[in-house]
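I am opening this entry to keep track of what I looked up, item by item, with the cut-offs written beside the terms.

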Amino acid sequence: MIDVKKIEQAMTMLIEALGDDPSRPGLIDTPTRAAKMYAEMFEGMAYTNSQIAQKFAKCFEESQNNDWVLVKDINIFSYCEHHLALMYNMKVHVAYRPNQKVIGLSKIARIADMVSKRLQLQERITSDISEILSQILNTKDIMVILEGEHSCMNARGIKAQSAKTRTVRASGVFAQDGELKRDVLNSI
């Protein structure tokens with residue numbers, strides 16, 4: 001799905017458009033290196049949410065209880081679809097209440113990573129992670145919190161260098177029970 005050759009051509013054109021010479025010694029291999037980098041960084045664009053759910057659906061049986069699971073401080077980065085600018089220092093926090101099964105904890109981090117490897121909006125990353133986990137765990141009792149900084153806001157334009165954005169997606173019991181929602185937020 002990702003056309004590495006076309007990216008390579010675009011990188012050559014970008015270097016030229018910036019006023020530099022793509023054939024100078026320091027830039028000769030840059031279009032090829034950049035194309036490989038972009039193919040890796042945007043790997044998630046090759047998958048739908050359902051395909052990501054299938055890819056990371058390793059779960060374990062667990063009897064129903066009222067406990068909840070929290071995985072916090074999952075580091076990711078992504079690229080804003082509006083400016084192709086880096087969204088960085090992003091931390092994902094995921095809470096869920098098991099419904100007869102629990103997911104391998106590393107799978108939550110893998111899902112967050114794969115979702116972030118798309119041209120994205122922070123709001124969509126938050127909802128995509130929630131949707132994928134809901135498919136895998138067969139529950140709506142999920143809460144995803146994402147905090148991050150956006151270079152399109154911090155390094156250009158308004159240059160609000162200390163601005164951070166937080167998005168929250170709470171569903172099921174986490175949306176209905178304010179005390180439980182506060183417990184999760186306080187645990188972060």
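I am working on a predicted model, in which local features need pLDDT of at least 70 and side-chain atom pairs count only at pLDDT 80 or more, while totals for chains, interfaces and linings use all residues. Residues are numbered from 1 along each chain as its sequence is written, and side-chain values use heavy atoms, with hydrogens and water left out.

**Salt bridges.** I took a salt bridge to be a side-chain nitrogen of Lys or Arg within 4 Å of a carboxyl oxygen of Asp or Glu, and by this rule I count 8 salt bridges. Side chains of opposite charge can pair when their charged atoms come close.

I looked up Glu147 and found it bridged to Arg166, with the closest N and O atoms 2.4 Å apart. Glu147 lies in strand β6 and Arg166 in strand β7 (residues 165-170), so this pair ties together parts that are 19 residues apart in sequence. For elements I use DSSP runs numbered from the N terminus, helices being H or I with at least four residues and strands being E with at least two. Glu147 itself counts as partly exposed, at 22% relative accessibility.

I then turned to Arg124, which forms a salt bridge with Glu81 at 2.9 Å between the closest N and O atoms. Arg124 is in helix α5 (residues 122-137) and Glu81 in the loop between β2 and β3 (86-96), so the pair ties together parts that are 43 residues apart in sequence. Both ends are partly exposed, Arg124 with a relative accessible area of 30% and Glu81 at 33%.

I also noted Arg24 and Asp20, whose side chains meet in a salt bridge of 2.9 Å, N to O; Arg24 is partly exposed at 36%, and Asp20 is partly exposed at 33%.

I asked which residues His150 is in contact with, leaving aside its neighbours within four places in sequence. With contact meaning heavy atoms within 4.5 Å, the list is Leu86, Met87, Tyr88, Gln122 and Thr165. His150 is found in strand β6 (residues 142-150) and counts as buried, because its relative accessibility is 12%. The side chain of His150 makes a polar contact with the side chain of Gln122 at 2.7 Å, where a polar contact is a pair of N or O atoms within 3.5 Å, one able to donate a hydrogen and the other to accept it within protein, and residues adjacent in sequence count only if both atoms are side-chain atoms.

**Backbone.** Most residues other than glycine have a negative phi. I therefore noted Asp73, a residue other than glycine with a positive phi near 60°, which lies in strand β2 and is partly exposed at 39% relative accessibility. Gln100 likewise has a positive phi, near 75°; the place of Gln100 is in the loop between β3 and β4 (101-103), and its relative accessible area of 44% makes it partly exposed.

Terms used. Buried means under 20% relative accessible area, exposed over 50%, partly exposed in between (1.4 Å probe, protein chains only).
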